[in-house]
Amino acid sequence: MKLKNPMLVVTDIDKSVEFYKKVFGLHVIMDFGANKTLTGGLALQTVETYKDFIQKSNISFGGNNFEIYFEEDNFDEFADRLKQCDVEYVHPIMEHSWGQRVVRFYDPDKHIIEVGENMKIVCKRFLDSGMTPEEVAKRMNVPIKFIKTCMR
């Protein structure tokens with residue numbers, strides 16, 4: 001068995017497709033009407049059809065208990081581009097204790113989206129600042145082997 005796709009239930013599939021296209025540059029690669037798969041493997045399903053699938057009428061949104069995670073090589077460029085989009089932030093850009101910068105925001109149906117700086121880029125940023133590989137491993141709380149892999 002293998003995991004195929006995360007699937008989000010959405011109230012307006014066209015609005016959601018447009019959101020993921022504008023914010024992430026994703027495009028529809030399979031269109032089944034009530035279900036659309038986007039580049040990267042994200043699937044969207046209309047709330048009406050999903051209610052039929054699970055035979056339940058109570059679908060809730062905005063639970064703040066799940067997120068979709070993306071990594072970005074050029075985090076600053078993405079952050080600038082995100083400012084041009086009409087998004088509701090969960091929190092502004094922050095830096096985790098291991099040095100990775102992240103931002104979280106909601107999609108149109110209040111699913112949390114996290115975009116994090118690529119961990120190899122975090123490593124390179126620290127190395128470029130003059131830190132030794134051992135210092136970077138300690139700062140990022142990762143094995144030295146990961147740092148050496150990033151240095152290649």
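A salt bridge is a side-chain nitrogen of Lys or Arg within 4 Å of a carboxyl oxygen of Asp or Glu. Keep that in mind as you look at this structure, which is a predicted model.

Start with lysine 83 and aspartate 80, whose side chains meet in a salt bridge at 3.6 Å, N to O. That value falls under the heading of a salt bridge because the cut-off is 4 Å. Both residues sit in helix α3, three residues apart, which is about one turn of the helix. How open are they to the outside? Lysine 83 is exposed, with a relative accessible area of 58%, while aspartate 80 comes out as partly exposed at 46%.

**Pairs that link separate parts**

Side chains of opposite charge can pair when their charged atoms come close. Counting through the structure gives 10 salt bridges.

| Pair | N to O distance |
|---|---|
| Lysine 83 and aspartate 80 | 3.6 Å |
| Arginine 101 and aspartate 76 | 2.6 Å |
| Glutamate 95 and arginine 139 | 2.9 Å |

Look at arginine 101 and aspartate 76, which meet through their side chains at 2.6 Å. Arginine 101 belongs to strand β7 (residues 101-106) and aspartate 76 to helix α3 (residues 75-83), so this pair ties together parts that are 25 residues apart in sequence. Is arginine 101 buried or exposed? Arginine 101 is buried, since its relative accessible area is 19% and buried means under 20%. Aspartate 76, by contrast, is partly exposed at 45%.

Now for glutamate 95 and arginine 139, with their salt bridge at 2.9 Å, N to O. Glutamate 95 is part of strand β6 (residues 88-95) and arginine 139 is part of helix α5 (residues 133-140), so the pair ties together parts that are 44 residues apart in sequence. Glutamate 95 is partly exposed, with a relative accessible area of 41%, and arginine 139 counts as partly exposed too, at 30%.

**A nonpolar patch**

Which residues form a nonpolar patch on the surface? They are Ile29, Met30 and Phe32, and together they have about 330 Å² of accessible area. Methionine 30 lies in strand β2, which covers residues 28-31. With a relative accessibility of 40%, methionine 30 counts as partly exposed.

Conventions
Residues numbered from 1 in each chain as written. Predicted model: local features only at pLDDT ≥ 70, side-chain atom pairs only at ≥ 80, totals over all residues. Heavy atoms only, no water. Patch = residues over 30% accessible without salt bridge, like charges linked within 9 Å, V, L, I, M, F, W, Y side chains within 5 Å. Areas by Shrake-Rupley, 256 points an atom, 1.4 Å probe, with all protein chains shown as cover. Helix = DSSP H or I, 4+ residues; strand = E, 2+ residues; numbered from the N terminus. Buried < 20%, exposed > 50% of the residue type's maximum accessible area, 1.4 Å probe, protein only.
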